[in-house]
Amino acid sequence: MSELHGLQLRASDFEAAGAKLVAVSVDSVELNRGVVEKVGLSFPVLSDPDLVAIDAFGLRHAKGNPFAEPPISGDIARPAVYVIEGGAVKWRDLTDSYRVRVDPDDVLAALR
Amino acid sequence: MLPVMVWLGPILAFVGVASYFALFLNWPITRDVPWVNLILLALALAASIAGLMRSRRRVLAAAGLALTLAFSGFFLWYTYVVSYDLPSAELALDVGAQVPAVVLRDARGQDVELAALSREKLVLVFFRGHW
C-alpha cells in the first residue's frame with residue numbers, strides 16, 4: 001500500500017513535470033478499485049493478471065508471491081519504474097531489492 | 001525472580017522485527033536501511049547476553065538468547081537475502097526500446113492502451129501488488 005500512497009503524495013509534481021502516472025500489477029480490477037478508493041489515488045492503476053504487459057517488459061518474477069495457491073500462479077511483477085517519452089523507454093529504475101523503491105526525485109529528474 | 005534482561009531481550013527482538021513491517025516500512029528513510037530495527041535488535045541482543053551472564057537460571061536465559069537470535073536472524077535473512085531475490089534485470093526492457101502494444105484494464109474496468117499513453121510523457125510503475 002505504501003508504494004502507491006508514496007506516489008500519490010508526489011502526483012502533483014509528476015503532473016507539473018507534464019507526465020502521466022500509471023501503475024501496473026497482477027492485482028484484479030476489483031482489488032485495484034478497493035485500493036484506489038481506500039488510498040484516494042488520482043492516477044490509473046491497471047490490472048495485468050495474465051502478466052501480458054509484465055512479460056512484454058520482461059519483469060516477470062516467477063513465484064514472487066509465495067502465498068499463492070493454484071490456480072493462481074504466484075508470478076508477479078518485479079518492482080520497476082519506467083519513464084517513457086514518444087513511445088520509447090527514456091529511463092528506468094530496476095531496484096535490487098523489493099524493499100528498496102525508487103526515489104521520486106530521481107524519476108522527476110529523469111523527466112526533465 | 002527472573003532478571004528483567006532475560007525476558008526483555010526476546011520481547012525487544014520481537015518488537016524490533018514486527019515494527020519494521022507494521023511501521024518503518026512506510027518511510028524510505030527507515031525502510032531502505034532499516035537502522036531503527038537494527039538498533040532495536042542490537043539492544044535486544046545486548047539484553048539477552050546480559051541476562052545470560054547475570055541470571056542463575058541458565059537454561060531460561062539461554063532460551064531467551066536463542067529466541068532473540070532467531071528473531072534477529074529472520075530479520076537479517078528477510079532484509080538482506082529474501083528481498084534481493086529478484087529475476088535478472090537483463091531480461092527487462094531497456095532504454096531506447098519501443099513500448100509494446102498492450103491493453104490493460106483500469107480500476108473501473110475500462111480498457112487502457114499502453115502504447116497510446118506512451119506517446120506523451122509517462123511514468124509507468126510496476127509494483128508487486130496486494131494480492
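Predicted model: local features only at pLDDT ≥ 70, side-chain atom pairs only at ≥ 80, totals over all residues.

**Confidence.** I looked up the scores: ipTM is 0.94 and pTM is 0.85. For chain B the mean pLDDT is 92, with 98% of its residues at 70 or more.

**Where the chains touch.** I get 44 residues of chain B in contact with 64 residues of chain A. On the chain B side, the elements giving two or more residues are β1 (103–105), α5 (114–117) and β3 (122–126). Which of them gives the most? That is β3(B), with 5 residues. I sorted the chain B side by class and got 26 nonpolar, 9 polar and 9 charged residues.

I followed β3(B) over to chain A and found 5 bridges joining it to strand β1 (residues 20–25) of chain A, with the two running parallel. Opposite Leu124(B) in β3(B) I find Val22(A).

**Two helices in chain B.** Next I checked α1 (residues 4–22) and α4 (residues 58–80) of chain B; their axes come within 8 Å and cross at roughly 15 degrees. Angles under 35 degrees count as roughly parallel, so I put α1(B) down as roughly parallel to α4(B). The crossing of α1(B) and α4(B) is left-handed.

For the residues that meet, I noted Trp7(B), Phe14(B) and Tyr20(B) among those from α1(B), and Leu65(B), Phe71(B) and Phe75(B) among those from α4(B). By class, the contact between α1(B) and α4(B) has 14 nonpolar, 5 polar and no charged residues.

Terms used
Residues numbered from 1 in each chain as written. Chains lettered and ligands numbered in written order. Contact = placed C-beta atoms within 7 Å. Helix = DSSP H or I, 4+ residues; strand = E, 2+ residues; numbered from the N terminus. Nonpolar A, V, L, I, M, F, W, Y, C, P; charged D, E, K, R; others polar. Pairing = 2+ DSSP bridges. pLDDT = per-residue confidence, 0-100. Axes fitted to C-alpha atoms, helices over the stretch in contact; angles between N-to-C directions. Parallel < 35°, antiparallel > 145°, perpendicular 65-115°, else oblique. Left-handed = near helix turned anticlockwise from the far one by under 90°.
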